Amino acid sequence: MGFETLSLKGRALRLLAGREHSRAELEKKLAAHEVEEGELQRALDELEAKGFINEQRVVDSVLHRRAARLGAGRVKQELQAKGIGAAAVAEAVEALRGTEVARAREVWRKKFGEAAADAAGRARQMRFLASRGFGTEAIRRVVTGGDEED
């Protein structure tokens, strides 16, 4: 192993020490530092074999950090941007669907706290929740106050 191989692994480990990264993210961030063709793939293969790179941990990390403030649509988008496989993304999104209304209600409560007085206010609240990635049914139920206890 030459210095450059260790350097790539060292860079990857430094990134992984900060937070979980998917293999695709590491490839993107470290590609500029690759000197020899295939060197980055070998380093990442080794780190993955040793358990330093794990797709499920990335999914769990994103869910832990972001799910309380974002809807399933936005979490799905973030996971896809990280290069997570379609099956893992679908599973994570399905897990979030059950709590979508409760999470949207909590985000709405922190931001607004009370129902809007007019249609323009309701539209503003709906746009806010939509920008956070909540689904239209969850937004409607929260903003209109439909069935408070889910």
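These questions and answers cover helix packing and nonpolar cores in a predicted model.

Me: Is the packing of α7 and α9 oblique or roughly perpendicular?
Reply: Helix α7 spans residues 100-111 and helix α9 spans residues 136-144. Their axes lie 9 Å apart, at an angle of about 50 degrees. Roughly perpendicular would need 65 to 115 degrees, and roughly parallel would need under 35. That angle therefore makes α7, relative to α9, oblique.

Me: How many charged residues are in the contact of α7 with α9?
Reply: From α7 come Glu100, Val101, Ala104, Arg105 and Trp108. They meet Ala138, Arg141, Val142 and Val143 of α9. By class, six are nonpolar and none is polar. The charged residues number three.

Me: Which element gives the largest share of the largest nonpolar core?
Reply: This core has 14 residues. Val59, Val75, Leu79, Ile84, Val89 and Leu96 touch the most other members. Two or more residues come from each of α4 (55-66), α5 (72-81) and α6 (86-97). The largest share is five residues, from α6.

Me: How many residues are in the other core, the one with Phe128?
Reply: This core lies apart from the largest one. Among its members are Val107, Phe128, Leu129 and Ala138. Its residue count is 12.

Me: Which residues does Leu79 contact, leaving aside neighbours within four places in sequence?
Reply: Leu79 is one of the core residues that touch the most other members. With the sequence neighbours set aside, its contacts are Val59, Val62, Ile84, Val89 and Ala92.

Me: Is the crossing of α4 and α5 left-handed or right-handed?
Reply: The two axes come within 11 Å and cross at roughly 145 degrees. On the α4 side, the contact uses Val59, Val62, Leu63 and Arg66. On the α5 side, it uses Arg74, Val75, Glu78 and Leu79. As α4 passes α5, the crossing is right-handed.

Me: How many polar residues are in the contact of α2 with α3?
Reply: Helix α2 (residues 23-30) packs on helix α3 (residues 39-49) at about 145 degrees, with axes 11 Å apart. Arg23, Leu26, Glu27 and Leu30 of α2 meet Leu40, Gln41, Leu44, Asp45 and Glu48 of α3. Four of these residues are nonpolar and four are charged. The polar count is one.

Conventions:
Residues numbered from 1 in each chain as written. Predicted model: local features only at pLDDT ≥ 70, side-chain atom pairs only at ≥ 80, totals over all residues. Heavy atoms only, no water. Axes fitted to C-alpha atoms, helices over the stretch in contact; angles between N-to-C directions. Helix = DSSP H or I, 4+ residues; strand = E, 2+ residues; numbered from the N terminus. Parallel < 35°, antiparallel > 145°, perpendicular 65-115°, else oblique. Contact = heavy atoms within 4.5 Å. Nonpolar A, V, L, I, M, F, W, Y, C, P; charged D, E, K, R; others polar. Core = buried A, V, L, I, M, F, W, Y, C linked by side-chain atoms within 4.5 Å. Buried < 20%, exposed > 50% of the residue type's maximum accessible area, 1.4 Å probe, protein only. Left-handed = near helix turned anticlockwise from the far one by under 90°.
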